[in-house]
Amino acid sequence: IEIYSLHVDCKVTSRFAHTVITSRIVNRANESREATFEVELPKTAFITNFSMSIDGEIYPGIIKEKAAAQNEYDTAVSQGQSAGLVKITDRKLEQFHVSVSIAAASKVTFELTYEELLKRQLGKYELLVKVRPRQLVKHFQIDVHIFEPQGIQFLETDSTFMTNELSEALTKEVNETKAHILFKPTLDQQKKNSELDETLLNGDFVVRYDVKREATAGDIQIVNGYFVHYFAPQEMPVFPKNVIFVIDRSGSMTGRKIEQTREALLKILQDLGPEDHFSFITFNNRVAEWKSSLLPATEENVASAAAFVQTLTARGGTDINGALLSAVGMLERAEGLLERRISMIILLTDGQPTSGERNVEVIQENVQKEINGKYALFCLGFGFDVSYKFLEKMALSNGGIARRIYENADAALQLQGFYQEVATPILMQIEMQYPENSIEGLTKNNFNLFFEGSEIIVSGKISDELDLLPVEIKAQSHTSNLTLKEEANVQEKEQVFQNQRYIFGNFIERLWAYLSIQQLLEKAISAEEEDQMALEAQALDLSLQYSFVTPLTSMVVTKPQQKEELANKPTEAG
């Protein structure tokens, strides 16, 4: 079985990335063989299309509601049929895998399309392409086109497998608003060495970039009556923080996990600002406060905290409820430290609650009642024994986010990276206001916190008769209350994208649908049951209308001899 062509074609228009992967395979044997198509794609992406073409016959993938697809599949297939086609493979990726039997000398072409909105983190966007053909490929190429009307500030490529030989196959052209990156290694350049037919191509190919920003109320772009508004203010003073680290030291954290936690905390302590206040609470079946109150991050206190972190050992049970309520209590007692400061609790745990209150619903209620919207709770789940669903619901109900920390060599870096993302809050209570009666389907437009290096994105549909789209942003910075105003001329903005050849036409509408689905699903996690059903129904409608494989839809992949398989979108919560 020979992969004679593998093309990754990616178009990014204003952060919205549309990727098509095409693999052409021929069976050189004189009997039928299995041809496999295996692609790793970012978890944040939604698959929008898949097809196989065998000797000119096309077998499309059809996107349906998950339950309906499952029923159909169960009826059509006897027991013991293969599992789903998509599974999570690591922290950033999931894998799409399909195989089909093809006759001697036959050819098959696989084509997979997915879309995602690139998220700005720590001042850059990242486009990740996983490369793993497992054999030498005669026609191999990665072709990336980027168009950013705001202008490209910088652009870099990075790869885990690049050699001097291979870097000769990479070309980059960047001008004011466009970039083109082409990676097209020959067979010889792909080889590990001239004797063996082993490929060097195995790992990540990454494009990172950022856009230029004028110091205004952000940037508005409009295509076919849909708008997107990007807001990422720069050079603002950072809010001082009150941060309490709540660290699980139960028995299951023994060994590598507690070591990596210690390593990460030592680095994080160095990143605390002179205005920050902090403390630690550690817990197993007992909850222990390092100090009874928050301390300023002076050199002395940081050194004393570092000495404490070095002594962390793991044994005993897991009292998550007691530990979190203790953290809230400490913030409550920190009077005078709450004005124009941002208070956050960062929980790190690797297990289920096993001591104190064990019912996760009761814990969620207790914590939400005590926090009462005043502080942000971030939950980090270490490994796969945690109830991620519980941590995610608790974080989202209390103005924070949850993240799974994967148990591998770079766990300490994952912890540190997460802290860096939330370490520099520069705005709070951000309201993005648009003319109410002229906008439909507005995505989320109120945000608790804005962290330096990230970006706020709001999208919606503009009514036909609007010529000018006025925008008003209200927010609090460390030093003042801000009001920023901007007005976009609808026709002028529509012109920007008119003559761009390689842009897929309705990309802002698709971006709007993508963002709406993501936000509806996220909102459903912390909603009451009735609301949850309504939110999911809305997200399902959009998923079907715009043909996205989301956690609510399935793609039915048809194969020769009426065989069918299902591609479902996995979620971190399983």
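Predicted model: local features only at pLDDT ≥ 70, side-chain atom pairs only at ≥ 80, totals over all residues.
User: What makes a residue count as buried, and what share of the 574 residues of the protein is buried?

Analyst: A residue is called buried when its relative accessible area is under 20%.

User: Why is the protein called as compact as a globular protein of its length?

Analyst: The protein comprises 12 helices and 31 strands. Its radius of gyration is 25 Å, and the globule rule gives 25 Å for 574 residues; the two values are close, so the protein is as compact as a globular protein of that length. Along the principal axes, the C-alpha atoms fill a box of roughly 75 × 60 × 55 Å.

User: What share of the contacts joins residues at least 24 apart in sequence?

Analyst: A contact requires heavy atoms within 4.5 Å. Among contacts between residues at least 6 apart in sequence, 74% join residues at least 24 apart.

User: How do you know where the VWFA domain lies?

Analyst: The position comes from the record: an unreviewed UniProt entry lists residues 242-422 as "domain: VWFA". Over residues 242-422, the model has 42% helix and 21% strand, and the end C-alpha atoms are 12 Å apart.

User: Why is Leu-484 called partly exposed?

Analyst: Partly exposed covers the range between the buried limit, under 20%, and the exposed limit, over 50%. The relative accessible area of Leu-484 is 24%, so Leu-484 is partly exposed. This residue lies in strand S29, residues 481-489.

User: Which residues does Leu-484 touch, beyond those up to four places away in sequence?

Analyst: Leu-484 touches Thr-216, Ala-217, Phe-231, Val-471, Glu-472 and Ile-473. Of these, Val-471 is 13 residues from Leu-484 in sequence, with a C-alpha to C-alpha distance of 8.2 Å.

User: Where does Asn-224 lie, and what is its phi?

Analyst: Asn-224 lies in the loop between strand S15 (219-223) and strand S16 (226-231). Its phi is near 50°, a positive value in a residue other than glycine.

Notes. Residues numbered from 1 in each chain as written. Heavy atoms only, no water. Helix = DSSP H or I, 4+ residues; strand = E, 2+ residues; numbered from the N terminus. Rg over C-alpha atoms; globule rule 2.2 N^0.38 Å. UniProt positions renumbered as here; feature names shortened; annotations may be inferred. Buried < 20%, exposed > 50% of the residue type's maximum accessible area, 1.4 Å probe, protein only.
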